[in-house]
Amino acid sequence: MDDAESLFQQALEHQERSDWARAEALYRALLRARPGLGAVINNLAVCLLETHRADEALDLLASLPGHEAKTNLGNALRALGRFAEAESIHAELAAAAPLDARAVSNLALVHQDQGRLEESVAGFERAAALAPYDASLRANLGGALLMAGDYRRGFPAYEFRLAGSATEAMMKRTGLPIWDGTPLQGRRLLVWSEQGLGDALQFSRFLSRLDEPAAVMAQAGLQRLLERVPGVNSVHGWDETPPECDLQVALLSLPRLLGCDDESCIPAPNLAADPLLVDLWGQRLAGLAGLKVGLSWQGNAAMKADRARSIPLAAFKPLLALPGLSWVSLQTGTAGRDIEAVQAPLLDLGAEISDLADTAAIMTHLDLVIGIDSAVAHLAGGVNRPVWILVRANPDWRWRPGAKSSPWYPTARLWRQQRLFDWAPVISSLAKALATSASGPR
């Protein structure tokens, strides 16, 4: 094995472990030694795609031949929001290889991006039939069905989301039998909160439908809030030893097990702020005047789609400049640096917020919450506060194409983006509506 082949094998090993930075460095070293190697260029493009640099990947892939390179080209175009061009590429690949489940699924994904749900569902059904043991394809079908409002078929297919997940690994380690939805009759149930914080907040309402109170394993930041949810008898952190129980289940499996077949059976939001925290935060916010508006502009950067949903704070300047408003930042972490850099008129509470229980209490003193599709927006809807949610052009399944409202959150109004990454028209519309709200009676 020569040095180049050895280097390539090392890069592949890092790529298989999702060590994208090290794999990229090795591929770049290879290309410096041997420019023009197609396999190396393609794999380098994959590293760039996985680290949210689709524009750089596109430059590498534009003239590269072969099915795999064209697949990655279509994926790069999709990541950049160029859906019609991505569709053209994936349609060509699916036509050339009609028995290739991944090619069929890629085409279905770009149909879903464009809100063409009938075509998307049909494509995912075909892909799942071609590769019935591929859990990711079955989960994609579940998501498309849920987006189309077909909960009867959607939630069972969505069960495949658990394959290979951290939740599945923890449940296997615990070793308890999986609850099948039959009456608990005194049996102790352990519920695993899963996926992002927004997912946990959205589905926590189903805990109140259990016929016995359950113990919940929850992500950091959720514990105090979930302790107040009906149907919960104890909440434990993921890093804690689970309590003694007889059965276990993943939180997002509850709708299927409880017979939620359509949107009409979605329980009302039932998150509640702690009265003591409400009182304490009321004292902190007592000096605010005018219409009090909370703002959230950044999500969890670890989420794959975060670059498309998060918005730079500077983009909100047309809103922040409106008179008659008091702005409150609902961001934690490094948000203070954004506020300082933009010199935004935002009350920065980030260093004072301990968890989402604090955020829920703050929201009770606000007239409106404005935010991207993140945990803050789900929390505002969950505690029944008026919330305007900025939804990206190709949202996930819970925001149906074209809808301005949501059956999950009666107090929410959806403001939909037309082109990925282009938030200016959305914020302009928000500014007009907010100006009217600020000047009207309250």
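I begin with strand S5, residues 291–296, and strand S6, residues 325–329, which pair in the parallel sense over five bridges. Two strands count as paired if DSSP finds at least two bridges between them. The elements themselves are DSSP runs numbered from the N terminus, with helices being H or I runs of at least four residues and strands being E runs of at least two. Within this pair, Gly-294 stands opposite Val-328 in S6.

A word on the source: this is a predicted model, in which local features need pLDDT of at least 70 and side-chain atom pairs count only at pLDDT 80 or more, while totals for chains, interfaces and linings use all residues. Residues are numbered from 1 along each chain as its sequence is written, and side-chain values use heavy atoms, with hydrogens and water left out.

S5 and S6 belong to an open sheet of six strands, ordered S7-S6-S5-S8-S9-S10, with parallel pairing. At its edges are strand S7 (346–348) and strand S10 (412–416), each of which pairs on one side only. From one strand to the next, the twist averages 25°; the axes behind this angle are lines fitted to C-alpha atoms, for helices over the stretch in contact, and angles run from 0 to 180 degrees between N-to-C directions.

A pocket here is an open set of points on a 1 Å grid over the protein atoms alone, where a 1.4 Å probe fits, with protein on both sides within 12 Å along at least five of seven lines; lining residues have an atom within 4 Å of a point. About 280 Å³ of space lies in this second largest pocket, a volume being the space filled by probe spheres set on the points, which are joined across faces, edges and corners. The pocket is lined by 13 residues, and the closest to its centre are Trp-415, Arg-416, Gln-417, Gln-418 and Val-426. Besides S10, helix H21 (424–439) gives two or more residues to the lining.

Now to the charged pairs. The structure holds 25 salt bridges, each defined as a side-chain nitrogen of Lys or Arg within 4 Å of a carboxyl oxygen of Asp or Glu.

How far apart are the closest N and O atoms of Asp-306 and Arg-309? The distance is 2.9 Å. The two residues are three apart in helix H16 (residues 306–309), so about one helical turn separates them. Both Asp-306 and Arg-309 are buried, where buried means under 20% relative accessible area, exposed over 50%, and partly exposed in between (1.4 Å probe, protein chains only).

Asp-246 and Arg-188 also meet in a salt bridge, at 3.2 Å from N to O. This pair links distant parts of the chain, 58 residues apart: Asp-246 is in the loop between strand S3 (232–237) and strand S4 (247–250), and Arg-188 in the loop between helix H11 (166–174) and strand S1 (189–192). Asp-246 is partly exposed at 30%, as is Arg-188 at 39%.

Finally, two loop residues. Gln-185, between H11 and S1, has a positive phi of about 50° although it is not a glycine. Gln-343, in the loop between helix H18 (335–342) and S7, has a positive phi near 55°. Most residues other than glycine have a negative phi. Gln-185 is exposed at 70% relative accessible area, and Gln-343 is exposed at 71%.
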